[in-house]
Amino acid sequence: MQGIDYVLEAISLYHISIALAGVIAGTVIGALPGLTATMAIAVLVPITFSMKPASALILMGAVYTGAIYGGAYSAILLKTPGTPSAIATTFDGYPMAKRGDGDLAVTLACTSSVFGGLVGALFLLLLAPPLAQIALAFGPVEYFWLAIFGLSLISALSEGHMLKGLIGGCFGMLLTTIGVAEVSADIRYTFGSHTLIGGIEPVSALIGLYCVPVMIDLVATPARHLQVSTGGRGFRLREALSLNWRHKFSLLRSSVIGTIVGILPGAGGSIAGLVAYSEARRSSRRNEYFGTGEPEGVMASESANNATVGGGFIPTLVLGIPGTPPDAVILGALLVQGIRTGPKLFVGDESSIVYIFIAGLFVATLLMLPTGLLIGRYAYRFIISVPKAVLVPTVAFMTIIGTYAIRNNMSDVVIMIVLGAIGWVLDRYGFKPSPIVLGLILSRIAEQGFVQGWIIGTARGNAAAEFFNRPISLGIIIFIGVSMFYPLIARRWRLNKDLQNDSET
Amino acid sequence: MKTFGKIVLTAAAVAVAATFGLTTAAAAEFPEKAINYIIAFKPGGESDVTARFQQPFFKKKFGKDLVISYKDGGGGAVAWAQLNTIAGDGYTIMGTNLPHMVIQPLQKDVGYTTDGIVNVYMFHYTPDAIVVTDKSPYKTLKDLIDFAKKNPGKVTFSGSAKGSSNHLAQVTFDRLAGIKTAYVAFAGTAPSSTALLGEQVVASWGYTTVPPAYPGTRMLAVAMEKRHPNFPNVPTFKELGFDMVSGAYRGIAVPKTTPEDIRKKLAKMIDDINHEPAFIKQMEDNGFAMLNAPYGPELDKFMAKAKKDITTSAKEAGMIK
């Protein structure tokens, strides 16, 4: 009967209002490139001091989940992920918007995010203590291979332009080496410049590489930013739900991937979205349409990144190990409140906090449906109806504010603009931004995992065995092989089929 | 003549206003408004957490908010390089960290120097400690040293970054104990402790803050003068015959243009919080160790010693030439 008490507590007027406020604030913040979930929660921390721990958690959880969803708006409408978690959403979301299906993409992102969020929260409720062990099973070597798996997506993203994709990926990886290395503390490739000591912040690079070229093209061409569909088609909710239903297995798989990647402390929402996207694409019968506006791609990325919210709370609450960067801030806020995380939190006297919070997370996720649809509709209308002369300066202004806000640093703004200009030029020569961004985001994880795995392996007497002899590593290596060579195999199949068809006629 | 009169009048008015302004400024108690507290690292880390501990006490004692913001990058260097470009009116303060602030300027030109930073207080430290899991076969420090002596190079320690207090402690301890171990650097205490809990490494060079935050871990020894009040059963390295006291020290600095009296006032305020029993309890329960080095000769003495010790171990660790 205690369960009902927790639910009743979570749906008290007070908790529903803070969850609603949190989701709305989170969605708006997430939609603005540069303003991340981590920042939003950090700003909230002092407010939570005066709250009860469970209420504080509900508020922070609501902002968090809203922000992860909000990142989809700018990804779909401006080709600029509002948060890194929405990188994979740009792949198909923006092409959808381009051809006039932006409203559908936004609605689909909402329904998929809600679904993913619910799956993540369900895992948190039912299986948190055993699942937390996944966080521990992943060692440096596993992170190394996971990052390589993410990088293997370059092959799928640059079908037909493999060499350019790889060059782009390498460029991104080189960019990450600039600045004070997080682990070795070496100061690399700063060329004596103080601006470069802080390195290239991935989020500012993301804004530069994705958003600046879009802005330049907007100004340089007379065409409308997005195709406008004729007539009011409402939210297109029915259409979105039927797409969700048609791809229910893909949706569920993406949500599970998102939950598991969320549990891994070294990974996070961006990798969750990328891995889920890669898997959805591989297993889809329509895989050749991915990247050209395939709704399933948006679904995979958005369900996975919202599932990381619930997933990330699993190691945070069970082990005290933050699953994602926003979890680290939430953990800090709990410490100030005097709450110790750990397995005991789920069974001891304080377990009511956890269960009220989980119930609150469900409520917040469900609230995302109406609020998300409404805010999404508004954002879509704004982007399509505002004249370019207003849109471009507004977005440009927001990207500068957003980039500055990441680390309160002007250097990041300069780097963002320079990278944006470079990205625009490269794009003209066929080097797409996504491989560069993948290199930027993933090489940090790959580098650390490699160096750590190498030192540990050498100490154990065999570095090679460390990389190739661990069961989880082997599993990931197999996936890498499949993901890397699948485009080649798929093309061979298609060719064969065409040949057969030809010979039949 | 008319104009001259005007000038005289204006000048008089300005003078009066200035005097009046000055007197009110002096009479009004500092701080008159919220103080910005910049953390040179990401939110959620120990620098942030300890600032968050200070935050409510500051508000309660001085009636004004302590507004925390983050300027991370370059292992803290980005923020510290900008500190002296900020207006020195006392309303901007910044968290500082040792050994970072000693090692970075010795590595390369990072835009600031150790002596160029005006610290007003060093308020706590997280002592280095050897941490193992509850299940670890090593019950005492001696067990671990015995194993390491029989298996040179086989013992792996996870730790938070290179050139950090953890790393310097590993190098110093290897020398003192006559062993050779491998140091595996992670991007912070959280991933380093996760690797320990996941048994990716044999042990961890962590801090006394690790066991309270990560259930399932325990310490073999702590690098303090006396035992930590929260862990009376864990011996110090000194007791066991290894002369080492070290850790990550945290303080608060101001832009160098900050007037002398404001520096002293800020130091006094931090000192007040540092002597608040509820604050001390919160810090110690979470494994932090208190330190009271206020602006003036005490801080100078502390910094001089820290600088000398850190430089010596950083050279030994190969971080600087």
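Leaving aside its neighbours within four places in sequence, which residues is B:Lys71 in contact with? In this predicted model, B:Lys71 is in contact with A:Arg407, A:Asn408 and A:Asn409 from chain A, and with B:Ile38, B:Ala40, B:Val78 and B:Ala79 from chain B. The briefing below begins with that residue and then turns to chain B, the contact between the chains, and chain A. For the model as a whole, the scores are ipTM 0.87 and pTM 0.88.

- B:Lys71 is placed in the loop that runs between strand E2 (66-70) and helix H3 (77-83) of chain B.
- B:Lys71 counts as buried because 21 other C-beta atoms lie within 10 Å, where the cut-off for a buried residue is 20 or more.
- Although B:Lys71 and B:Lys42 are separated by 29 residues in sequence, their C-alpha atoms are 7.4 Å apart in space.

**Chain B as a whole**

- Chain B contains 11 helices and 10 strands, and its C-alpha trace spans about 100 × 40 × 30 Å along the principal axes.
- Of the 321 residues in chain B, 51% are buried.
- The average pLDDT of chain B is 91, and 91% of the residues score at least 70.
- Over residues 19-27 of chain B, however, the pLDDT is below 50, and this stretch has zero contacts in the model beyond near neighbours in sequence.
- Where pLDDT is low, the predicted coordinates should not be read in detail.

**Where the two chains meet**

- The contact between the chains draws on 45 residues from chain A and 47 residues from chain B.
- On the side of chain A that touches chain B, at least two residues each are supplied by helix H3 (37-48), helix H5 (87-137), strand E1 (179-180), helix H13 (325-336) and helix H18 (433-460).
- The largest share of this side of chain A comes from H13(A), which supplies seven residues.
- Sorted by class, the side of chain A that touches chain B consists of 27 nonpolar, 16 polar and two charged residues.

**Helix packing in chain A**

- Helix H2 (residues 13-31) and helix H15 (residues 351-385) of chain A pack at an angle of about 45°, and their axes are 9 Å apart.
- The angle between H2(A) and H15(A) is why the two helices are described as oblique, and H2(A) passes H15(A) in a right-handed crossing.
- The residues that make this contact include A:His15, A:Ile16 and A:Ala19 of H2(A), together with A:Gly360, A:Val363 and A:Ala364 of H15(A).
- By class, the residues of the contact of H2(A) with H15(A) are 12 nonpolar and six polar, with no charged residues.
- Helix H10 (residues 248-263) and helix H12 (residues 295-319) of chain A pack at an angle of about 35°, with their axes 6 Å apart, and their crossing is right-handed.
- The contact of H10(A) with H12(A) has 12 nonpolar, 13 polar and one charged residues.

**A buried position in chain A**

- A:Ile76 belongs to helix H4 (residues 53-78) of chain A, and A:Ile76 is buried, with 36 other C-beta atoms within 10 Å.
- Between A:Ile76 and A:Tyr94 there are 18 residues of separation in sequence, but the distance in space is 4.4 Å, C-alpha to C-alpha.
- Not counting residues up to four places away in sequence, A:Ile76 touches several residues, among them A:Thr89, A:Gly93, A:Tyr94, A:Met96 and A:Ala97.

Notes:
Residues are numbered from 1 along each chain as its sequence is written. Chains are lettered from A and ligands numbered from 1 in the order in which they are written. This is a predicted model: local features need pLDDT of at least 70, side-chain atom pairs count only at pLDDT 80 or more; totals for chains, interfaces and linings use all residues. Helices (H or I, at least four residues) and strands (E, at least two) are DSSP runs, numbered from the N terminus. A residue is buried if 20 or more other C-beta atoms lie within 10 Å of its own, exposed if 12 or fewer, and partly exposed in between; C-beta atoms are placed from the backbone. Two residues are in contact if their C-beta atoms, placed from the backbone, lie within 7 Å. Ala, Val, Leu, Ile, Met, Phe, Trp, Tyr, Cys and Pro count as nonpolar, Asp, Glu, Lys and Arg as charged, and the others, Gly among them, as polar. pLDDT is the predictor's confidence in each residue, from 0 to 100. Axes are lines fitted to C-alpha atoms, for helices over the stretch in contact, and angles run from 0 to 180 degrees between N-to-C directions. Angles under 35 degrees count as roughly parallel, over 145 as roughly antiparallel, 65 to 115 as roughly perpendicular and the rest as oblique. A crossing is left-handed if the near helix is turned anticlockwise from the far one by less than a right angle, and right-handed if clockwise.
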